[in-house]
Amino acid sequence: MINNPVNTLLKNSVWIALLSTLTACQVFQDTPSASAVLQSKSGSNLNGSVNFSQSGMKVLVTGTFSGLKPNAEHGIHIHEKGDCSSLDAMSAGGHFNPANSKHGNVQSASHHAGDMPNIMSDANGNANYKATLSNFSLVGDQAIIGRAVVVHRDPDDYQSQPAGNSGPRIGCGLIR
Ligand SMILES: [Cu+2]
Ligand SMILES: [Zn+2]
């Protein structure tokens, strides 16, 4: 084939189109998301869902809840097992803790990968939740997909071991 300038231009255009398509796919794969629909547990009336969206090294966590005790804080964590089958959600195991750390506030030096800030409910027992966290991920060895998000009746005190003394597990959802 003769390598004239028009042919070269055409070939380059095809390559640019192909590369653009590949780049678009790559960007899509680099921003994974996941969600969990909560099942009420321990005899609670909790309803809710939690969404996770990866942005670089951070995960944006958003959630909506109803049926909580009004005007109160409630612990919420990632638990290690994606098993919400038991009535008290104990089947979900302990806090996700691949680094074998102590339980604590996500803003302090020592905390589990699965630790999160408390939910705050309003006067009607509803809550909107939003937190940007870097202690877990949707990809790699800190990944939470396939694990469970658990909501508790009481506040996490961010100190007591091994789980912040946040009381019964009133909701559990598989992260997928
Ligand atoms: Cu928990
Ligand atoms: Zn913990």
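Phe52 stands opposite Val61 in β4. Keep that pair in view as you work through this predicted model.

**Exercise 1. Work out how β4 is paired with β3 and with β8.**

Start with β3. Its pairing with β4 is antiparallel and runs over nine bridges. The two strands make a hairpin, with two residues between them. Look into that turn and you'll find Gly56, whose phi is positive, about 65 degrees.

Now go to β8. β4 pairs with this strand too, again in the antiparallel sense, over seven bridges. To find your place, take Leu60: its bridge partner in β8 is Thr132.

**Exercise 2. Sort the side chains of β4 by the face they point to.**

Walk along the strand and you'll see the side chains alternate. Val59, Val61, Gly63 and Phe65 go to one face, and these are buried.

Next, ask where Phe65 ends up. It belongs to the largest nonpolar core, where it is among the residues with the most contacts.

**Exercise 3. Find the cis peptide bond, then track down two asparagines with positive phi.**

The cis bond runs from Gln161 to Pro162, with omega near 5 degrees. Pro162 sits in the loop between β9 and β10.

That loop also holds Asn165, with phi near 55 degrees. Is Asn165 exposed, partly exposed or buried? Count its C-beta neighbours inside 10 Å: there are 16, so it is partly exposed.

Asn100 is in the loop between β6 and β7, and its phi is likewise positive, near 55 degrees. Here the count is 6 other C-beta atoms within 10 Å; the cut-off for exposed is 12 or fewer, so Asn100 is exposed.

Note on methods. Residues are numbered from 1 along each chain as its sequence is written. Chains are lettered from A and ligands numbered from 1 in the order in which they are written. This is a predicted model: local features need pLDDT of at least 70, side-chain atom pairs count only at pLDDT 80 or more; totals for chains, interfaces and linings use all residues. A nonpolar core is a set of buried Ala, Val, Leu, Ile, Met, Phe, Trp, Tyr and Cys residues joined through C-beta atoms within 7 Å. A residue is buried if 20 or more other C-beta atoms lie within 10 Å of its own, exposed if 12 or fewer, and partly exposed in between; C-beta atoms are placed from the backbone. Helices (H or I, at least four residues) and strands (E, at least two) are DSSP runs, numbered from the N terminus. Two strands pair if DSSP finds at least two bridges between them.
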